Amino acid sequence: IGTGTSVSFTAASALTINGNVNLGVSTIFNGNSHSHTIRGNWVNNGTFTGSTSTVLFDGPSLEISGSGTQNFNNVSFLRFGITATGNLNVSGDLVTNGAGQFTHNSGGLITMTGTAKTITGTDIFFSSLTISGSVTTNTSFTISSNLSVSGSFSAGSGTIIMSGTSKTITGAGTIGFSSLQLAGTISSTSNFSISTLLDVSGTFSASVGTATFTSSSLLSGTAN
């Protein structure tokens, strides 16, 4: 969509696209308030504005990519093997349903900006995750790179696994984990709380900040 000239369009109804989506440079697509189902690859070299829409990725092993601006509202992953590259902004909820799986390839960043939003589902693998809004979850997921929270993040249950080497937990926001498993080499400069378990099977150091253990929470391994 959109080659050679500037094109701007807003969805007037829900779209189901059984093939690929390709947004060209200078193309602006506004999802409006509808739910859109995408069953092929998504390549955005222009601008996608989610508005209050929901985008459902419903193709096995489809890829989300492009050099453009990716501003999703709600985003759902319904099939196995869905991957993404580059930076994605999510102002709504992030969900995997059924057999859905989401893997963000190395170097990618998801920024969640919305208030009172959620991460739900299974088989979720982030590269870097930044939270500037307020996000809750009861889901287990993996972060292979960095976690930064300037807003608030609260995990009522589930395990957050950080698996990378020389990765960080940063930000002055409110951070609450149920279980945090540090399998990589992780450092932190943030305050955070643990309600169930801090499991350090890799290496963990905190140069500043306070780790608060609430309820009957446990520490397994060595934290410096």
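Strand β25 (residues 167-170) runs parallel to β27, and three bridges join them. Strands here are DSSP runs of E with at least two residues, numbered from the N terminus, and two strands pair if DSSP finds at least two bridges between them. The model is predicted: local features need pLDDT of at least 70, side-chain atom pairs count only at pLDDT 80 or more, and totals for chains, interfaces and linings use all residues. Residues are numbered from 1 along each chain as its sequence is written, and side-chain values use heavy atoms, with hydrogens and water left out.

On its other listed pairing, β27 joins strand β28 (residues 192-206) in the parallel sense over four bridges, where S188 stands opposite A206. In a regular strand the side chains alternate between the two faces of the sheet. Strand β27 (residues 185-188) has I186 and S188 on a covered face, while T185 and S187 are on an uncovered one.

Buried means under 20% relative accessible area, exposed means over 50%, and partly exposed lies in between (1.4 Å probe, protein chains only).

Strand β23 (residues 152-155) is joined to β26 by three bridges and runs parallel to it; S154 stands opposite G176 in this pairing. Strand β24 (residues 159-162) also pairs with β26 in the parallel sense, over four bridges. Six bridges join β26 to β28, again in parallel, and there G176 stands opposite S193.

S179 lies in strand β26 (residues 174-182) and is the bridge partner of T159. With a relative accessible area of 9%, S179 is buried. Not counting residues up to four places away in sequence, S179 touches G158, T159, I160, T196 and L197, where contact means heavy atoms within 4.5 Å.

T120 is found in strand β17 (residues 117-120). Its relative accessibility is 32%, so T120 counts as partly exposed. Leaving aside neighbours within four places in sequence, T120 is in contact with L94, V95, T96 and T139. T120 and L23 are 97 residues apart in sequence, and their C-alpha atoms are 28 Å apart in space.

## Aromatic pairs

The whole structure holds 14 aromatic pairs. Rings of Phe, Tyr and Trp (its six-membered ring) pair if their centres lie within 6.5 Å; planes under 30 degrees apart count as stacked, over 60 as edge-to-face and the rest as tilted. The rings of F48 and F72 have centres 5.3 Å apart and planes at 50°, so this pair is tilted. F48 is in strand β7 (residues 47-49) and F72 in strand β10 (residues 69-72), so the pair links distant parts of the chain, 24 residues apart. F48 is buried at 1% relative accessibility, and F72 is buried at 3%.

The rings of F77 and F102 have centres 4.4 Å apart and planes at 20°, so this pair is stacked. F77 lies in strand β11 (residues 74-77) and F102 in strand β15 (residues 102-104), so the pair ties together parts that are 25 residues apart in sequence. F77 is buried, with a relative accessible area of 2%, and F102 is buried, with 0%. One aromatic cluster is formed by F9, F29, W42, F48, F57, F72, F77 and F102.
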